[in-house]
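Open the model in your viewer and keep the selection tool ready. The stops below go from a helix to an interface to a salt bridge.

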Amino acid sequence: MAWLRRHLVIIVGLLVMLYILAPNFVVIAFSFNNPAGRFNYQWNQFSFDAWTNVCGVPGMCDSLGLSLQIGIIASLTAAVLGTMVAFALGRYRFRARAGTNLLIFLPMATPEVVMGSSLLTLFIAMGIPTGRTTILIAHIMFCLSFVIVTVKARVASLDPRLEQAASDLYANEVQTFLKVTFPLVAPGIAAGTLLAFSLSFDDFIITNFNASPSSVTFPMYVWGAAQRGTPVQINVIGTIMFLGALAIVVIGQVLNSRRSRQIV
Amino acid sequence: MADQSAGDLILRQVTKSYESFTAVDNIDLVIPRGSFFALLGPSGCGKTTTLRMVAGLEQPTAGTISIGDRDITSTKAYQRNVNTVFQNYALFPHLDILDNVAFGLRQRKVKDWKAKAMEALELVELTQVARKKPTQLSGGMQQRVALARAVVNRPDVLLLDEPLGALDLKLRRQMQIELKRIQQEVGLTFVHVTHDQEEAMTMADTIAVMNGGRLQQVGDPGTLYEKPESTFAANFLGQSNLLSATVKGVVDDIAQLNVHGTAMTVPASLLPEGSTEIWLGIRPEKVRILGGADDAGGDSEGLNTLSGKVTDVSFLGVATQYLVATTWGRELTVVQQNDGAPRAVLGSNVRLAWLPVNSFALDASQDADAGADIGEDA
Amino acid sequence: MAVSTLAGAPPAPQPPQPEEGKRPRRRGAYVPYLLLLPGMLWLVVFFLVPMLSLASQSLQTGDVDNGYALTFNFATYADALSTYWPQLLRSLIYAATATVATLALGFPLAWFIAHRSGRYKNFLLVLVIAPFFTSFLIRTLAWQTILGDTGLLAQFTAFTHTDFLLSGFKSLLRTFGLISNDQLLFSPFAVICGLTYNFLPFMVLPLYANLERLDQRLVEAAGDLYASPVQAFRRVIWPLSLPGVVAGTLLTFIPATGDYINSVLLGSTQTTMIGQVIDAQFLRVLDYPTAAALSFILLLLIVAFVVTYVRRAGTEELV
């Protein structure tokens with residue numbers, strides 16, 4: 001009993017961990033299923049079929065391509081615009097600071113369904129047909145705030161004395177930015193961009209409002225499949241994404257710890 | 001003289017004011033080339049602001065800063081041949097030690113930057129960590145890297161902003177000696193900002209004491225300690241006993257004083273001009289304990305004497321510190337070497353004595369407690 | 001020269017600390033505005049303006065074929081509310097339940113990672129965000145596999161002879177009306193379970209960030225001062241972790257209220273949430289004014305919630 005009491009937090013913690021991870025295990029396991037019917041919900045038979053024929057289902061790989069394309073363009077655009085805003089907020093005094101902060105905060109506090117539908121009313125009112133471009137516009141919009149917040153934290157944590165030291169050591173403003181400021185803020189920008197990419201890649205609700213039948217992203221494809229029948233290939237893609245991202249994070253961690261902890 | 005002043009750092013009527021207060025108030029200072037100069041004062045006294053103005057990180061509101069006959073007031077930090085060892089060092093965390101040290105050299109496109117940087121690392125005995133990152137080094141090592149990064153550029157003036165503040169006491173002592181050695185070796189002008197009076201006295205040739213944005217006194221450590229010119233300097237550098245006294249008259253260059261009814265003397269040359277009400281100052285270690293109050297021994301000839309009662313005895317190791325209450329209730333601090341002589345007993349009545357030349361006199365219009373209790377920490 | 005430097009340096013608003021040297025740079029007053037312009041313009045045009053357009057749309061009358069006119073028809077709001085208040089209320093209840101559940105599950109996990117995980121701390125943190133690496137929809141679908149009648153949970157309990165636990169759990173859920181028959185899937189329970197699952201990391205991460213800074217010695221000090229573990233939690237840990245709790249609750253409750261993926265994939269016609277209605281009105285029924293009015297009502301409800309909640313919780317650290 002005493003043992004249980006002492007380790008209660010650990011036991012509950014691990015159980016919650018299991019709850020968080022269980023669906024991922026299911027996704028991985030069921031990528032090797034050979035389902036009996038159209039839906040891949042019941043285990044039937046072990047098979048590599050889906051893995052050897054990933055693009056075998058019509059439309060899926062096209063939607064994947066579109067999602068990647070939108071994700072990359074949206075995250076890079078948001079990264080550039082967001083980094084500029086983050087520097088303005090972290091480095092300068094200006095009027096309307098409170099208003100700016102509010103405008104950055106609001107998109108993060110607004111339900112997706114409201115953002116998606118309001119954008120749709122704008123596009124309808126202006127007579128703009130929905131499709132790839134409107135999806136991109138929407139994605140950049142909701143990614144921006146997240147990039148700004150991530151990069152701003154990094155800019156704010158930057159010791160101003162480092163830049164002063166650079167200027168003390170004969171670097172002018174541009175050189176200081178290129179040699180000191182940017183390299184030090186870069187991890188924040190990278191984190192913000194990755195976050196933006198994953199948000200864009202995974203978004204369904206906002207996308208669904210601003211897409212057209214000819215611009216089906218991967219989440220929209222999965223949504224459709226959930227009604228018509230889920231091909232195993234969806235799980236293959238899910239597994240590849242999961243393991244790939246995990247590998248990137250682990251490699252990053254290893255590199256980081258080898259480079260020793262950064263205090264600043 | 002002319003060639004000597006070629007590289008002097010000269011501040012003329014330098015003022016830095018912000019909206020609500022003046023950080024640096026009309027400072028005039030000449031720091032001779034090749035000297036080890038300390039700017040000493042409590043935090044908020046304007047010493048760091050002064051340093052930052054010399055570095056070019058802050059613009060003075062008025063006044064000029066020049067090195068030799070070159071006015072550098074309006075040049076930018078990166079255009080000045082002045083380098084800084086920052087508080088907490090400000091080493092670039094993304095660059096290794098060698099790249100940190102070589103930063104200034106490469107910025108100025110010095111050809112053999114690598115050899116020069118290694119040479120600087122040799123000076124601070126850190127060649128073995130050239131390829132490590134700053135965060136992998138201890139505080140003391142980082143401090144030396146910061147020094148090497150500044151020294152390697154052979155600046156006209158090297159500024160040190162509380163460079164030892166983050167180190168523990170033992171390491172600080174070690175680095176004080178190390179810094180002095182390096183300064184003598186490279187022969188650059190060092191301007192050292194600190195709030196630690198001991199550090200300033202240990203290292204500097206000349207100390208400028210600052211308070212409230214103003215210069216209080218500039219001089220070599222000995223003069224500053226023995227003959228402070230303000231109660232602030234008297235209390236901030238070491239401890240002082242200040243007794244209020246009235247000047248009765250001057251006979252043969254000796255001023256006759258009345259200290260709460262006791263007659264004392266002080267050389268007239270030490271009197272502040274035109275004052276009759278003064279603070280008579282005496283350092284604790286200059287006071288001797290003669291024995292019981294009744295023991296009016298003949299060896300007190302020519303000394304200033306006072307009787308009092310011992311209210312506290314603290315054993316310090318090399319010395320013993322006493323608190324002695326005078327008849328009018330003022331407590332004097334007295335420090336006696338533990339040279340084997342018997343120690344005074346708590347509660348006993350004693351007589352205190354000192355040589356008049358060992359005392360100093362300050363105008364009584366100043367606050368007797370100015371600068372007390374802000375020396376050590378912060 | 002002195003004059004020009006005076007003019008070049010605008011006065012610092014707060015009493016500056018000259019020893020610190022930590023002041024934002026100020027040179028070229030137009031620079032911040034240039035940096036802000038593109039990003040902020042984007043947010044104004046594609047976030048703020050659409051909100052106005054949404055408000056306008058909700059007050060218009062007309063139809064898709066013949067166009068709309070702004071007639072300030074507030075009746076749409078009344079109609080929308082009287083027709084869809086059950087879905088609206090259900091969304092709030094589901095989201096609130098899921099938020100409480102994420103807090104109840106997230107707190108022990110965050111504490112475990114922050115203070116009891118030793119050298120596995122980073123690894124566990126990676127695992128908490130790992131689900132994000134796989135598409136949200138695919139993971140939600142996986143719950144069908146887990147909760148189904150012959151799903152993994154049922155098979156697991158049968159295999160380990162713990163089915164009595166499962167049936168006990170089911171009768172508990174039935175008492176609370178979270179399932180109506182013996183089925184776990186396509187029930188309010190499944191929807192709330194999915195919502196909880198989806199937003200759990202959003203609760204754990206801010207809680208972790210907060211708890212990690214909480215000095216363990218405070219708990220020991222509380223114990224030293226005669227507080228039982230429960231009292232120590234209530235009087236020391238909980239008050240100190242409030243900023244994390246507030247951030248986590250907002251990050252969970254707000255998106256959960258508008259979410260409809262879980263209710264579509266894991267629920268039934270009895271679990272329809274407001275997002276589903278808005279989606280259907282916009283994209284299938286094409287009744288734009290009603291859809292816009294519902295969107296706007298949802299937004300107002302959430303704004304009202306955030307304002308009262310943050311004011312009551314008394315924390316200013318929002319962004």
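The bend at a residue is the angle between axes fitted to the seven residues ending there and the seven starting there. Select Cys143(A): a kink of about 30° in α6(A) is centred on this residue. This is a predicted model, where local features need pLDDT of at least 70, side-chain atom pairs count only at pLDDT 80 or more, and totals for chains, interfaces and linings use all residues. Residues are numbered from 1 along each chain as its sequence is written, chains are lettered from A in the order in which they are written, and side-chain values use heavy atoms, without hydrogens and water.

Helices here are DSSP runs (H or I, at least four residues), numbered from the N terminus.

Next, show chains A and C. Their contact (heavy atoms within 4.5 Å) takes 80 residues from chain A and 81 residues from chain C. Now pick Tyr19(A), Tyr92(A) and Arg93(A): in chain A they lose the most area to chain C, together 10% of what that side buries. Buried area is the accessible area (1.4 Å probe) lost when two parts are put together, summed over both. For chains A and C the total is about 7800 Å², 77% of it on carbon and sulfur atoms.

How many salt bridges (a side-chain nitrogen of Lys or Arg within 4 Å of a carboxyl oxygen of Asp or Glu) link chain A and chain C? The count is 0.

Last stop: Arg91(A) and Glu163(A). They form a salt bridge, with the closest N and O atoms 2.9 Å apart. Arg91(A) lies in helix α3 and Glu163(A) in helix α7, so the pair ties together parts 72 residues apart in sequence.

How values were computed
Helices (H or I, at least four residues) and strands (E, at least two) are DSSP runs, numbered from the N terminus.
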